[in-house]
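Colleague: Can we go through this one together? I would like to take it a topic at a time.

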Amino acid sequence: MEPAQFHRLRKALGNFYWDNGFDTFCHVTGFDPQFQHAQEKWQQFSACIQAMGQLDDRTWEKLLQASLIEQSLMESGLPR
């Protein structure tokens with residue numbers, strides 16, 4: 001995944017979170033809102049979105065680039 005794709009993904013998930021609520025989350029994911037499991041997953045999603053917002057785009061880009069390099073080295077069989 002390229003940095004621009006990651007930024008679009010992060011923005012799209014953030015927009016979904018801020019524009020929708022628990023009921024829409026359950027409808028989209030198929031979780032039954034009557035069960036505690038759905039509430040736990042909503043809280044995890046919420047925490048994830050908020051945590052992702054704690055780092056700026058440049059930091060995410062650096063981390064993604066480092067991950068892509070690491071993945072490429074692993075796939076090529078070259079030593080790290």
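Colleague: How far apart are Arg58 and Glu61 in helix H4?

Modeller: Arg58 and Glu61 are 3 residues apart in helix H4, which means about one helical turn separates them. Helices here are DSSP runs (H or I, at least four residues; strands are E, at least two), numbered from the N terminus. Before going on: this is a predicted model, where local features need pLDDT of at least 70 and side-chain atom pairs count only at pLDDT 80 or more, while totals for chains, interfaces and linings use all residues. Residues are numbered from 1 along each chain as its sequence is written, and side-chain values use heavy atoms, leaving out hydrogens and water.

Colleague: What do Arg58 and Glu61 form?

Modeller: A salt bridge, with the closest N and O atoms 3.1 Å apart. The term covers a side-chain nitrogen of Lys or Arg within 4 Å of a carboxyl oxygen of Asp or Glu.

Colleague: Buried or exposed, or in between, for Arg58 and Glu61?

Modeller: Arg58 is partly exposed at 46% relative accessibility, and Glu61 is partly exposed at 23%. Buried means under 20% relative accessible area and exposed over 50%, with partly exposed in between (1.4 Å probe, protein chains only).

Colleague: How many salt bridges does that rule give?

Modeller: The count is 2. Asp57 and Arg10 also meet in a salt bridge, at 1.9 Å from N to O. Asp57 is in helix H4 and Arg10 in helix H1, so this pair ties together parts 47 residues apart in sequence. Arg10 counts as buried at 14% relative accessibility, whereas Asp57 is partly exposed at 41%.

Colleague: New topic. Which residues make up the largest nonpolar core?

Modeller: It has 8 residues: Tyr17, Phe22, Phe25, Cys26, Ala38, Trp42, Phe45 and Ile49. Helix H2 (22-29) and helix H3 (36-52) are the elements giving two or more residues to this core, and the largest share, 4 residues, comes from H3. A nonpolar core is a set of buried Ala, Val, Leu, Ile, Met, Phe, Trp, Tyr and Cys residues joined through side-chain atoms within 4.5 Å.

Colleague: Which residues of H2 are buried?

Modeller: Phe22, Phe25 and Cys26. Down the axis of H2 they fall within an arc of 95°, so they line one face of the helix. That arc is taken from the directions from the helix axis to the C-beta atoms. Asp23, His27 and Val28 are exposed on the other side of H2.

Colleague: How many aromatic pairs are there?

Modeller: The structure holds 10. Rings of Phe, Tyr and Trp (its six-membered ring) pair if their centres lie within 6.5 Å; planes under 30 degrees apart are stacked, over 60 edge-to-face, and the rest tilted. Phe22 and Trp42 have ring centres 6.3 Å apart and planes at 75°, so they are edge-to-face. Phe22 lies in helix H2 and Trp42 in helix H3, so the pair links parts 20 residues apart in sequence. Both residues are buried.

Colleague: Last one. How many disulfides turn up?

Modeller: A search of the whole structure finds 0, a disulfide being a pair of cysteine sulfur atoms within 2.5 Å.
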